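Hello,

Here is the structure I promised to pass on to you. Please open it beside this message and follow along.

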Amino acid sequence: MRVCNQVRAVAKREWSAYFNSPVAYIFIIIFLALAGFFTFSVSNFYEAGQADLSRFFFWHPWLYLILVPAVAMRLWAEERRLGTMELLFTSAVTPGQAILGKWLAAWAFLALALALTFPIPLTAAWLGQPDWGVIAAGYVASLLLAGAYLAVGMFTSALTRNQVISFILAVVLGLFLILAGFQPVTELLSQWAPGWLVDGVAAFSFMPHYEAMQRGVLDLRDFVYFGSVVGFMLFLTHLVLGNRSGR
Amino acid sequence: MIKVEHLVKKFGLRTAVDDVSFGVEKGTVLGFLGPNGAGKTTTIRMIAGYLPPTSGTVMVNGVDVVANPVAAQRQIGYMPENTPLYDDMTVSGFLRFIAELRGLRGKARDQRVADIMERCMLTSVRHQPVDTLSKGYRRRTGLAQTLLHDPAVLLLDEPTEGLDPNQKQVVREMIEQMAKDKIIMLSTHVLEEVEALCTRIMIISEGRLKLDSTPEDLKKRSASYNTLTLDVVAPGADPATVLAQIPDVAQVDVVQRAGDKHVLRLIPRDKQSLAVSAIEVATQHKWLVTELRADPGRLDDVFRDVTTTADVIRQSA
């Protein structure tokens, strides 16, 4: 099908763009190093004596907060800066196809980085008898979380030709989406705000959905949540890119 | 063919393109001229389906660009201003990517890319990353990219801008080669280029179409068109006075005089050719004409005239 061909072509180009530059390697090394450091040194994985990965997955929202915007920031900002966006959008490609292709490529890249953390579950398996179902659910949750962050970063990347601005906006938006449902923050809020408001704000947050899946509960509503965050952010990206007013 | 009707583009309060209409037929190489900021790029972007017009319509081979940009873009090869390319890719990788966007796959894609690289003389640099290319090769890669899907219409925004004379020549030859059975619309502010390449000229200024004509017609508008410069050896005579008697001659200037050698400039009354009558007069008086030059007209004179006056001059091409 013609439509899929173009999505695939854009995704393939974007994927190889990561590996044509040091970005991919630096990202993967830093992601793995930080994930390992937080899991083993900060959360005392060994000393805790529990063969589960909650200490590993606990850090992912915070790692992604900084690292995913770094992956996403160039997606559109670079196209704007180099002027290649004009080339792309006059080569019989719809913005929707290009957005989807880029998002899929970057998501696949994040999936690769996540897959390379496999020594951590293997360590747990070597030390005890972990629940593989919960670990699988944790990985699914982490992958969905990464995709949602990525969609946010893609949107901020479409807003500007400056990658630094894109990065900062994505971090701020991501921080809001974490903190709105982060327990210390919701507890603080509930001291003066009515309960329904706190719950309402928290429902927008990544955290309740991520944590529920972390515990091994794969609820359809959480999938729908992440799916709608991605969908909505890609829709906003489409609006921004569709509204070209020249430069 | 391209059909543009009442095209308008406003950026806020500024009107970049103001009610432009024209049509272009197959086989035409259209030179789109104008000073910087006249609206050339904006017009081309609208035809290419990149910028939506504020009002007006653009049809390319019967497809409405505004309503159906993707279908229209299948007919169009477009090289944007400054040749943006994906710098991290190799030349062949880049062309393969564009070919895939254009719907080519597998063997057909590789064959087509190889053919186009051959035609655009890019084969020797095919494995080189785009950001290491010289400007000339970069431009050729940009041109190659427009040809992959064999479009009926080529839109080239300043194709030779910033190239050295040799590189310019190469690009021009490539355009000439492509010209048959296509429509080529190229924007430029280099006038020699239009003379060398184009069968039709449009001049745009302040967003309005000022002139639509052929290079030959345009040159005739030049003030100095058919002014005759005459080097003549006339012993003991005053050729200036005698030549001034010719009915078509409005004025004779003496450019230089050294003994019997005169250099004269004959200005025609109504841009007629003066060569025949001047030679007749010289033969009658047994003068020796050593050199004779009729001014072919200069596009830059016309360009300056047209882009600095307000009224629209239209002439069928």
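Predicted model: local features only at pLDDT ≥ 70, side-chain atom pairs only at ≥ 80, totals over all residues.

Residues are numbered from 1 along each chain as its sequence is written, chains are lettered from A and ligands numbered from 1 in the order in which they are written, and side-chain values use heavy atoms, leaving out hydrogens and water.

Let's start with helix H5 of chain B, residues 135-147. Helices (H or I, at least four residues) and strands (E, at least two) are DSSP runs, numbered from the N terminus. The expected span of a helix is 1.5 Å times one less than its number of residues.

Eleven of the 13 residues of H5(B) are buried (under 20% relative accessible area; exposed is over 50%, partly exposed in between, with a 1.4 Å probe and protein chains only). Among them are Arg138(B), Leu143(B) and Leu147(B). The buried residues pack against several elements, including helix H7 (84-88) of chain A and strand S6 (76-79) of chain B.

Now for the loops. Most residues other than glycine have a negative phi. Thr83(B), between S6 and H3, has a positive phi of about 40° and is buried, at 2% relative accessible area. Met121(B), between H4 and H5, has a positive phi of about 55°, but is partly exposed at 43%.

Happy exploring!

Notes. Contact = heavy atoms within 4.5 Å.
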